[in-house]
Amino acid sequence: MEWNPGFPLSIDAKYHKDLPRDIQFDSEKGVDFVLNYSKAMENLFINRFMHMFQSSWSDFADFEKIFVKISNTISERVMKHWQEDLMFGYQFLNGCNPVMIQRCTKLPEKFPVTTEMVECSLERNLTLEQEIEQGNIFIVDFELLDGIDANKTDPCTLQFLAAPICLLYKNLANKIVPIAIQLNQVPGDENPIFLPSDAKYDWLLAKIWVRSSDFHVHQTITHLLRTHLVSEVFGIAMYRQLPAVHPIFKLLVAHVRFTIAINTKAREQLICEYGLFDKANATGGGGHVQMVQRAMQDLTYTSLCFPEAIKARGMDSTEDIPYYFYRDDGLLVWEAINTFTAEVVGIYYKSDQVVAEDQELQDFVKDVYVYGMRGKKTSGFPKSIKTREKLSEYLTVVIFTASAQHAAVNFGQYDWCSWIPNAPPTMRAPPPTTKGVVTIEQIVDTLPDRGRSCWHLGAVWALSQLQDNELFLGMYPEEHFIEKPVKEAMARFRKNLAAIVSVIAERNKNKKLPYYYLSPDRIPNSVAI
């Protein structure tokens with residue numbers, strides 16, 4: 001069914017209980033969002049703030065009242081350092097939305113930054129143009145948010161969105177720092193370019209707007225559309241077109257476990273009209289739907305191929321950009337999955353011809369293209385697969401999206417978003433239109449009120465929890481395959497993954513900010529939360 005116009009098609013079921021028994025959750029209680037939120041509120045000791053729904057916090061220290069009992073090592077570092085440019089830049093590489101930053105090869109006309117503006121940030125005695133030529137300038141553009149309707153579900157609280165553009169610089173220490181921020185897309189007197197040399201609170205508020213915009217794109221596009229909804233498309237096509245004895249069914253079934261169930265539950269309680277999403281998010285009340293409809297234009301097959309996606313953003317050089325752990329770990333995991341799928345494909349398909357002649361396989365691939373991608377040529381999704389190599393790449397996309405990509409963008413939500421000024425789910429005042437007027441009081445009044453802060457905290461906590469009976473990458477407890485060669489391939493896969501776990505653990509050893517979301521022992525097999 002079409003849940004909303006322009007969305008990938010999803011399962012034709014209104015409620016979790018309507019689903020076929022074999023794709024429902026073992027116990028529905030574990031994934032009842034309403035229950036989980038309430039549980040989160042209790043666990044986080046934040047119930048007492050809920051009745052103060054409309055009231056502002058008094059200052060940043062006030063946020064700590066709900067935060068102190070529930071922080072972990074990363075979220076505490078975020079709380080202590082969130083105002084620093086280094087921490088701001090680091091999150092574009094290794095926070096929970098590490099997919100937006102790209103190398104800037106030419107300044108867009110809509111963002112007229114000059115060398116004079118950013119001179120004091122540049123450390124190499126070069127002009128801005130020369131820095132761009134040398135590959136030291138990066139850009140993040142939240143154009144997708146331009147013109148999206150802000151949440152109007154609560155008549156007592158106006159909420160606001162912006163569509164910022166942020167310029168970043170790789171300094172001499174190879175760290176990425178912000179050097180210019182414009183809060184909306186069309187340059188002009190009422191849309192100034194904010195700079196690190198501006199008054200402290202002007203610059204801080206500009207960065208908070210970027211963090212809030214990043215939160216919206218992360219939740220709705222990076223997380224919901226590009227892992228949850230895409231994995232559901234693969235899952236439905238698999239159940240519709242591949243019989244349970246088909247080797248590709250046997251390979252993929254563990255990677256779509258509970259995905260259709262969690263998405264149905266989300267449509268029932270979370271992202272529906274008057275759902276939990278509307279309570280605290282500026283993109284609630286329909287904005288999130290507009291965002292997905294727009295982002296479908298950019299949802300291409302190659303953008304789901306991890307190495308291609310990294311390259312397309314000009315972020316592939318480990319020499320130039322050494323601290324991009326999302327890229328480094330992601331490539332290792334992608335490679336391990338690709339090696340494994342190629343081995344399995346080699347066992348069942350002795351030639352390209354056998355692939356091309358497998359009608360059930362071709363029907364599966366076509367189903368994804370016709371129903372998931374709505375038959376859009378521009379999506380670049382194949383209508384058929386003719387070679388063994390293409391097939392193993394396709395299977396790698398399915399498995400990587402459901403496991404590694406989802407883990408990278410889901411399980412860091414509590415770490416990075418629980419300190420509310422670092423990821424405000426809504427803003428209660430419009431973006432500033434002039435410089436030199438922002439005060440700390442204004443910032444606190446712009447940030448979410450107490451009630452919305454609590455809803456947001458409950459959400460990021462509930463979404464970051466693993467399932468009780470979680471199955472991690474490489475675990476295939478239901479023995480669908482009985483053939484010895486496949487079991488041997490699985491054993492090699494697990495061995496490769498274990499080696500990656502060691503590499504990541506070694507790198508993280510003395511890090512104040514370890515990066516572990518893509519360590520295979522923390523990557524669930526499927527999108528199930």
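Which residues lie nearest the centre of the largest cavity? They are Gln219, Leu270, Ile271, Phe277 and Leu463, among the 30 residues of its lining. This is a predicted model, in which local features need pLDDT of at least 70 and side-chain atom pairs count only at pLDDT 80 or more, while totals for chains, interfaces and linings use all residues. Residues are numbered from 1 along each chain as its sequence is written, and side-chain values use heavy atoms, with hydrogens and water left out. Helix α7 contributes to the linings of the largest pocket and of the largest cavity.

**Helix α7**

- Helix α7 spans residues 200-241, 42 residues in total; helices (H or I, at least four residues) and strands (E, at least two) are DSSP runs, numbered from the N terminus.
- From first to last C-alpha α7 reaches 58 Å, close to the 62 Å expected at 1.5 Å a residue, the expected span being 1.5 Å times one less than the number of residues.
- At leucine 224 the helix bends by about 45°, taken as the angle between axes fitted to the seven residues ending there and the seven starting there.
- Because 37 of its 42 residues are buried, α7 is largely enclosed by the rest of the structure; buried means under 20% relative accessible area, exposed over 50% and partly exposed in between (1.4 Å probe, protein chains only).

**Cavities**

- Four cavities of 30 Å³ or more are present. On a 1 Å grid over the protein atoms alone, a cavity is a set of points where a 1.4 Å probe fits but cannot get out, and a pocket is an open set with protein on both sides within 12 Å along at least five of seven lines; lining residues have an atom within 4 Å of a point.
- The largest cavity has a volume of about 360 Å³, where grid points are joined across faces, edges and corners and a volume is the space filled by probe spheres set on the points.
- Two or more lining residues of the largest cavity come from each of α1 (33-43), α7, α9 (259-270), α10 (276-280) and α20 (450-463), and α7 gives the largest share, seven residues.
- The second largest cavity, of about 60 Å³, is lined by Gln91, Gly95, Cys96, Asn97, Arg211, Asp214, Phe215, His218 and Cys417; its largest share, four residues, also comes from α7.

**Largest pocket**

- The largest pocket holds about 880 Å³ of space. Of its 26 lining residues, Val99, Met100, Arg226, Asp298 and Arg313 are the closest to its centre.
- Elements that each supply at least two residues of this lining include β2 (137-141), α7 and α17 (388-410).

**Aromatic pairs**

- There are 19 aromatic pairs, counted where rings of Phe, Tyr and Trp (its six-membered ring) have centres within 6.5 Å; planes under 30 degrees apart count as stacked, over 60 as edge-to-face and the rest as tilted.
- Phenylalanine 88 and phenylalanine 92 are edge-to-face, with ring centres 5.5 Å apart and planes at 80°. They are four residues apart in helix α4 (residues 85-94), about one helical turn, and both are buried.
- Tyrosine 90 and tryptophan 416 form a tilted pair, 6.0 Å centre to centre with 35° between the planes. Tyrosine 90 lies in α4 and tryptophan 416 in α18 (residues 413-417), so the pair ties together parts 326 residues apart in sequence.
- Tyrosine 90 counts as buried at 16% relative accessibility, and tryptophan 416 is buried at 1%.
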